Amino acid sequence: FPPRLAISWMESGGPAVRLPSEKGFGSRLLPVTAAELKGALDVRWNPTGLAWHLSFPLQPLDDETRSH
């Protein structure tokens, strides 16, 4: 198995949160990022705050990736 990188975000202490009726920039960006990285994404709209966890396999950089 290749090594994986995991990133988690958890909000707390703010106003109550609920699933928005429309998707904003971040709600569209996270799934696209997970797909591009061949990763897994878990998003939870907890009453205490938004929480998400993104993990993806680390891949060696090839010559084309390094040039960008």
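Q: Where does Leu5 lie?
A: Leu5 is part of strand β1, which covers residues 4–10. Strands (E, at least two residues) and helices (H or I, at least four) are DSSP runs, numbered from the N terminus. This is a predicted model, in which local features need pLDDT of at least 70 and side-chain atom pairs count only at pLDDT 80 or more, while totals for chains, interfaces and linings use all residues. Residues are numbered from 1 along each chain as its sequence is written, and side-chain values use heavy atoms, leaving out hydrogens and water.

Q: Is Leu5 buried, partly exposed or exposed?
A: The classes rest on relative accessible area: buried is under 20%, exposed is over 50%, and partly exposed is in between (1.4 Å probe, protein chains only). Leu5 counts as partly exposed because its relative accessibility is 36%. Across the 68 residues of the protein chain, 15% count as buried.

Q: Which residues make up the largest nonpolar core?
A: In soluble globular proteins, nonpolar side chains tend to be buried together. A nonpolar core is a set of buried Ala, Val, Leu, Ile, Met, Phe, Trp, Tyr and Cys residues joined through side-chain atoms within 4.5 Å. The largest one has six residues: Leu30, Ala34, Leu50, Trp52, Leu54 and Phe56. Both α1 (25–36) and β3 supply at least two residues of this core, and β3 gives the most, with four.

Q: What does Leu50 touch beyond residues up to four places away in sequence?
A: Contact means heavy atoms within 4.5 Å. Leu50 touches Trp9, Met10, Glu11, Val17, Val43, Arg44 and Trp45 on that basis. Of the chain's contacts between residues at least 6 apart in sequence, 62% join residues at least 24 apart.

Q: Where is Ser55 found, and what does its side chain contact?
A: Ser55 sits in strand β3 (residues 49–57) and counts as buried because its relative accessibility is 12%. Its side chain makes a polar contact with that of Arg4 at 3.2 Å. A polar contact pairs N or O atoms within 3.5 Å; within protein, one must be able to donate a hydrogen and the other to accept it, and residues adjacent in sequence count only if both atoms are side-chain atoms. Although Ser55 and Ile7 are 48 residues apart in sequence, their C-alpha atoms are 6.3 Å apart.

Q: How many salt bridges does a search of the whole structure find?
A: A salt bridge puts a side-chain nitrogen of Lys or Arg within 4 Å of a carboxyl oxygen of Asp or Glu. The search finds one; Asp42 and Arg44 form a salt bridge at 2.8 Å, N to O. Asp42 is partly exposed at 34%, and Arg44 is partly exposed at 48%.
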